[in-house]
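Please look over the model shown below before reading the briefing, which takes up a helix pair, the domains and the ligand shell in turn.

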Amino acid sequence: MQLPNEVEALIVGAGPIGIACAISARRRGIEPLLIDAGPLAHSIVRYPVGMTFFTTPERLEIGDHPLTCSGAKATREEALKYYRGVVRTEGLAFRTGVGLTDISRVDGQLVASVSTSHGAATIRAGRIVLATGYFDHANRLEVPGESLPHVSHWFVEPHTLAGLDVVVVGGKNSAVESALQAWRAGARVTLVHRGETLGSSVKYWLRPDLENRIRAGEIGARFGATVTAITPEAVEIVHAGGPESLPADRVFPLIGYHPDFALLERIGIALEPGTGRAVVDPDTLESSVPGVHLAGSVATGRKISEVFIENGRLDGEKIFGDARSRAQAEARYASSLRPKGE
Ligand SMILES: Cc1cc2nc3c(=O)[nH]c(=O)nc-3n(C[C@H](O)[C@H](O)[C@H](O)COP(=O)(O)OP(=O)(O)OC[C@H]3O[C@@H](n4cnc5c(N)ncnc54)[C@H](O)[C@@H]3O)c2cc1C
């Protein structure tokens, strides 16, 4: 589908926060265009199939639309349906498969350069909101063999792993959940973690599950272990007991993600040294590039665990609203979180 030459507001990234920003703009009479390099809610698409959110459903809601789910917490599939439904109900204009590659200024106006399957294009925009998250850019082990085809930094579909030797690297939620899912799908799984114990933020229902599987010898575990290389057949590690070679048909280094620092720097957005956190006006989330705002998890630099859907979903109100509308939205969300009768 043809892209417009010019829009009032361009929202880059159609994750939960980008969608919420588009709603905030539209409710103020500003017609936004949402673009995403992948499909709608691409990050959630790449969660493990069937994954349950840690956050309770009302904290994942945007635009005052209720998220109903069959259990106490929403699954990946329920969240995908929900955000898709919100986009439809709000009548938001969106284009998928359109990736932002740069932003320049021509005759005083912002111009976004984008890539699509039909080639490169430009879109002039009154304002641009970057809500590009961090999930496209995986932290790497930086060891030989990490780019081999059987190595993936995203874990989506466990079924394909039945009967295979699988090594998962990491000690937080993604690694723990993936190790359990791969084992339940019939893989022989070893978890390799450089720490001596699992991360403290591991979901309370996953931790005992994994620990019991390790105790029963059903899932292998190597703590205090460092990966030194990946070969087509094995993962080479070193731990207190010396070097070890773990057979591996599939390898999942799941050791975190980071925003697209190269894109932010290309655009000219000032980042704090060390943390990589974008320098923004706290009231409007405008970056050091006038007219370019940052919303959601893209602004957090390397501290990706600081922004969730829950605390990023009002960013659109900061960008397109005013202090009063922000306060109203905060109060509305706060009351929706209180049990009825209080
Ligand atoms: C496995 C897992 C479980 C999680 N569980 C929870 C939870 O329980 N509760 C919670 O609140 N949070 C959870 N999170 C974190 C949550 O996913 C993020 O906080 C949330 O997705 C951030 O929303 P966002 O809109 O800022 O970014 P994202 O959802 O990451 O959306 C960014 C979008 O931008 C697009 N994009 C990136 N670069 C470009 C570009 N150059 N051009 C165009 N589009 C681009 C991407 O394709 C993507 O669709 C979890 C994360 C993971 C990985």
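**Helix packing, domains and ligand shell**

Helix 4 and helix 5 are oblique to each other, a class that holds the angles left over once those under 35 degrees (roughly parallel), over 145 (roughly antiparallel) and 65 to 115 (roughly perpendicular) are taken out. This is a predicted model, in which local features need pLDDT of at least 70 and side-chain atom pairs count only at pLDDT 80 or more, while totals for chains, interfaces and linings use all residues. Residues are numbered from 1 along each chain as its sequence is written.

**Helix 4 and helix 5**
- The axes of helix 4 (residues 173–184) and helix 5 (residues 206–215) come within 10 Å and cross at roughly 55 degrees, where axes are lines fitted to C-alpha atoms over the stretch in contact and angles run from 0 to 180 degrees between N-to-C directions.
- Among the residues of helix 4 that meet helix 5 are Val 176, Leu 180 and Trp 183, and the helix 5 side includes Leu 206 and Leu 210; contact requires C-beta atoms, placed from the backbone, within 7 Å.

**Domains**
- The protein chain is divided into domain 1 (6–137 + 257–337) and domain 2 (158–253), with bounds from an automatic or database domain assignment.
- The centres of the two domains, taken over C-alpha atoms, are 33 Å apart.
- Four residues of domain 1 are in contact with five residues of domain 2.

**Ligand shell**
- Of the 36 residues around the ligand, Gly 13, Gly 15, Gly 133, Gly 296 and Phe 308 come nearest, a residue counting as near if its C-beta atom, placed from the backbone, lies within 6 Å.

Technical notes. Helix = DSSP H or I, 4+ residues; strand = E, 2+ residues; numbered from the N terminus. Contact = placed C-beta atoms within 7 Å.
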